[in-house]
Amino acid sequence: MSSANSNGAPVRPRSSVLRPLGQEEIRVTGGFWGGKQRTNAEATLGHCEYWMERIGWTGNFDRAAAGTIGGDHAGIEFVDSEIYKLLEAMAWELGRNRTEDLEQRYLALVARVAAAQEQDGYLHTSFGRRGQPPRYSNLEFGHELYCFGHLIQAAVARLRTGHDDTLAQVARRLADHLWVEFGPDGRNAVCGHPEIEMSLAELSRATGELRYLELARLFVERRGTGTLRPAAFAPEYFQDDIPVRDATTMRGHAVRALYLASGALDVAVDTADLGLAEAVQTQWTNAVARRTYITGGVGSHHQDEAYGDDYELPADRAYSETCAGIASVMLSWRLLLHTGDEKYADLIERTLLNNVLASPREDGQAFYYTNTLHQRTPGSVPDEHELSHRAESSLRAPWFEVSCCPTNVARTLASINLYFATATGTGIQLHQYGDYEIHTTLDDGELALHVGTDYPHGGRITVTIDTAPTTPVTIGLRIPAWARNPRIVSGHAATERGRLLEVTGIFHPGEAIRLELSLEPRIVFPDPRIDASRGTFAIERGPLVLAVESIDLPTGWSVNEITADASTIAAGPDGTSIDVYRLAEPETDWPYRTSAGVAEAGHVRARMIPYYAWANRGPATMRTWLPIHPRSEEQDA
Ligand SMILES: [Zn+2]
């Protein structure tokens, strides 16, 4: 077990197999992730500020402080949480690359939030004031504690980047208020939307205050005991159907399920509750095996934003909310720290690159809320100046009436480097690849190294040592589950420990370890129990899921009327391409028939693009799962 002595990490368990690195220990230096973090800092943060100012969500705090808000609240009742996620993003960004301009913007926004805190610590702009519903009068759907959780996470980000200032004080007063209201002598209740659990556990870790951990534990234990009144949906919707430790899979609203599981694991780890930790691992395992899209996205119901049944994974109705992908990364990260098992890092990679990164537009100023895997119609271009409904437009929208995803993307990208690597007393583990540098202290001294790669578009990763102790050190590199015949080049012996390839030795400055992964395209078939994808295949290349977009087909072709020949997939300098055939479908008055044969109307060589990059060239149809062309079936047989 390694002690949690690092500073600026979003998750810092009281004990863990792997130690997370802090913002001061790992820094992205450029390349793929450097571009993402730069766009986030230069475009997305300001975009979020602009929109929330413009539509009055930030102004809610001013009116609450002035006592004039009443029924004049702008936006749905939980928009406070968007300000808090933006503050969290700003805090991580300031920890990563402080500028005076951003610091001033951050402090000004914090001051407006702090001014709205009431005498007893309560802080919400939708409840409790004259003309508003009473506090805690709608725990099912009011999202009060959900908002508090995001405020607390924002405060933790500020604390962990070295500042015990205003927001941390606000968060402590709020958490103390919650202890009175919901602690052992308070009401036996939970919030309809989990989030408070993991935030209180982390605030406890950051401040040493054990009451916050105990309150998190109470919220986890009360869940599943029927304290919430089901309304439109069954208790499963907010995971109130059975206790967390009795559940065997993820179910109900996907973001809620994954935030709850993250908080439950935090509590389990810090209270040494092995049964609870095992329950969360079982839920992860079963949901990944049967309820997860190839992109790592989750949630196959639009109506309740929920997980479907096992193998219920329709591509064209995928909900796959961006926030659920982010929540999945948060849970997998906690499980990786807890167990050291690289299967969790594999899912983080898949989900980050193929679900979370599909959300922001290239310029960082428009987002997908839902992430379909099959777009049937080119659809409409959203108005850049209007709010969009969450799953309405076919292109990314600048802002939504419920806009949880953009700020969630912002805080994730501002801290993404913190999910790349971990340390133990005698070594370092590289879980994700990009251009970054690490400078940390191991038991026997300082270790500094830098990683360079063209990943995820290329497969060569070079780790160069800058400083190392004079005693043996172990550098671990994750071999992705998809990789075949990885090649490692190093002057030291490499041994496999699970899917971690460990190179151990006394390293000298300038010495390099090279990992080479083959990026040949791979054909992937769905489990036959996934009815919605039966008779199709997908193409993956390296860590990326690929897609066909109608822009890469002849004019007038739609992805809905193609089949593809898997045997023709090839990768060249211009990317990956495949033979696709257009079906000749005569107009009929009944879409069912007694013969299975289809006629063709020509074929072309079609380019495939990374799924995350789709819809950056205007309205298009798109699909990831390609119907198998009859010829490839014959060849298989
Ligand atoms: Zn969302």
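This is a predicted model: local features need pLDDT of at least 70, side-chain atom pairs count only at pLDDT 80 or more; totals for chains, interfaces and linings use all residues.
Tutor: Residues are numbered from 1 along each chain as its sequence is written, and side-chain values use heavy atoms, leaving out hydrogens and water.

Student: How do you know that β12 and β15 pair?

Tutor: Strands here are DSSP runs of E, at least two residues, and helices are runs of H or I, at least four, numbered from the N terminus. Two strands pair if DSSP finds at least two bridges between them. β12 and β15 (residues 512-516) have 3 bridges, in the antiparallel sense, so they count as paired. I488 sits opposite L515, and R487 opposite E516.

Student: What joins β10 to β15?

Tutor: 5 bridges, with the strands running antiparallel. T462 has R514 as its bridge partner.

Student: What makes β4 and β12 edge strands?

Tutor: The open sheet runs β4-β8-β9-β10-β15-β12, and β4 (26-30) and β12 (487-489) each pair on one side only.

Student: Which strands does helix α1 touch?

Tutor: Contact means heavy atoms within 4.5 Å. Helix α1 (residues 31-54) touches β4 and β8 (435-442). Its direction makes about 95° with that of β4, using lines fitted to C-alpha atoms (for helices, over the stretch in contact) and angles from 0 to 180 degrees between N-to-C directions.
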